Amino acid sequence: MSLDTSPLFRPLRIKGKTLRNRIVMPPMATCRGVTTPEAAEWYGRRARGGAALVVVEATSIARFGIDLTAENLRPVVSAIHAEGALAAIQLFPTARGRQLTPDDLSLIDIDVLVQRYRMAAGICAAAGFDAIEPHGAHGYLLNQFFSPEKNSRSDAYGGATDRRMRLATEIVEAVRPSCGASMFVMYRHTPVGPGYGIEESVALASRLISAGVEMLDLSPSSSKAPGDLAVPFSELGVPVITVNELDVPARALEVLTLGRAHLVAVGRGLIADPDWPTKVQEGRLDEIVVCTRCDGCHEDLRRNQPVTCREWPAAEV
């Protein structure tokens with residue numbers, strides 16, 4: 001019996017924009033930059049393959065207004081838009097490879113961080129991005145501020161749950177006016193982390209939605225069921241993205257048909273085969289270049305080399 005993949009290809013409206021389907025390319029570092037012709041080709045190619053929302057890789061907010069401008073970011077946005085997808089960019093609080101903890105930041109440092117997010121959002125809006133996404137997941141700085149095991153501050157940014165929510169909330173409140181009427185605000189969060197669980201995460205998500213977040217990006221789900229940790233967040237009134245081996249079409253469909261989330265992120269599957277969405281929609285599942293989880297893409301990244309896939313035909317490497 002053929003797989004009914006139609007739930008993956010139902011449009012979704014947000015902020016007057018239409019996502020042509022429920023497939024998201026999540027932010028993944030590529031070592032191609034974000035302003036180079038190679039970056040425009042990389043992201044444009046994934047849009048051409050059928051993804052509805054392409055999220056450009058984590059990009060340090062410290063770069064905006066220095067080597068990142070609206071003018072030099074427009075080519076990657078245009079490349080994505082030209083292929084029918086919406087374009088987002090993930091905004092990272094520190095330079096790549098720089099590890100900071102909550103204890104490292106003074107109150108002045110925190111204010112500078114928030115203002116840099118504000119400026120970055122304005123530049124992204126001027127460049128034509130449809131969305132921005134502060135990165136608050138995976139144990140990085142913003143996620144550490146939320147974790148009671150990683151945040152030992154005793155001031156207004158540490159301690160009780162409300163205070164550990166404060167930095168993320170201030171960032172969202174700062175970027176929202178810079179985004180204007182047409183750009184939506186996403187937020188990436190890990191639902192379960194050091195010292196916190198789903199209940200606190202749902203409280204954070206509710207606070208962020210009140211502050212201006214219009215799409216939640218949750219990473220990852222557990223190993224029990226596709227998208228399982230997204231379920232409580234899907235009742236908060238904004239679209240929710242989930243991820244974790246959803247390049248397996250049956251797993252992606254399970255998420256949507258059971259209502260665990262509204263959108264599915266396909267990461268390494270879109271590295272292996274940018275035409276994954278088109279092939280799934282057309283029922284050409286046996287033609288998909290399947291990610292074998294060999295981790296070769298991460299090996300490229302660790303060597304600071306442009307990310308490739310070991311499953312690509314030799315002509316494409």
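## Pockets and aromatic contacts

In this predicted model, the lining of the largest pocket draws at least two residues from each of strand 4 (53-60), strand 5 (86-92), helix 9 (268-272) and helix 11 (296-302). Strand 4 gives the largest share, four residues. The volume of this pocket is about 1300 Å³. Its lining has 47 residues, and P27, M28, A29, H298 and L301 lie nearest the centre. By type, the lining of the largest pocket consists of 22 nonpolar, 15 polar and ten charged residues.

The second largest pocket holds about 220 Å³ of space. It is lined by 13 residues, with P93, R98, L100, L113 and R116 closest to its centre. Helix 3 (residues 107-127) contributes the most to this lining, four residues. Eight of the lining residues of the second largest pocket are nonpolar, one is polar and four are charged.

The model has three aromatic pairs. Two of them are tabulated here.

| Pair | Centre to centre | Angle between planes | Class |
|---|---|---|---|
| F92 and Y140 | 4.9 Å | 80° | edge-to-face |
| F146 and Y196 | 4.8 Å | 65° | edge-to-face |

F92 in strand 5 and Y140 in the loop between strand 6 (131-136) and helix 4 (141-146) are 48 residues apart. F92 is buried, at 11% relative accessibility, whereas Y140 is partly exposed at 32%.

F146 lies in helix 4 and Y196 in the loop between strand 7 (184-189) and helix 7 (198-211), so this pair ties together parts 50 residues apart in sequence. F146 and Y196 are both buried.

Two arginines sit over rings: the charged end of R164 is 5.7 Å from the ring centre of F146, and R166 lies over the face of Y157 at 4.7 Å from the ring centre.

Terms used
Residues are numbered from 1 along each chain as its sequence is written. This is a predicted model: local features need pLDDT of at least 70, side-chain atom pairs count only at pLDDT 80 or more; totals for chains, interfaces and linings use all residues. Side-chain values use heavy atoms; hydrogens and water are left out. On a 1 Å grid over the protein atoms alone, a cavity is a set of points where a 1.4 Å probe fits but cannot get out, and a pocket is an open set with protein on both sides within 12 Å along at least five of seven lines; lining residues have an atom within 4 Å of a point. Grid points are joined across faces, edges and corners, and a volume is the space filled by probe spheres set on the points. Ala, Val, Leu, Ile, Met, Phe, Trp, Tyr, Cys and Pro count as nonpolar, Asp, Glu, Lys and Arg as charged, and the others, Gly among them, as polar. Rings of Phe, Tyr and Trp (its six-membered ring) pair if their centres lie within 6.5 Å; planes under 30 degrees apart count as stacked, over 60 as edge-to-face and the rest as tilted. Buried means under 20% relative accessible area, exposed over 50%, partly exposed in between (1.4 Å probe, protein chains only). A charge sits over a ring if NZ of Lys or CZ of Arg is within 6 Å of the ring centre and within 35 degrees of the ring normal.
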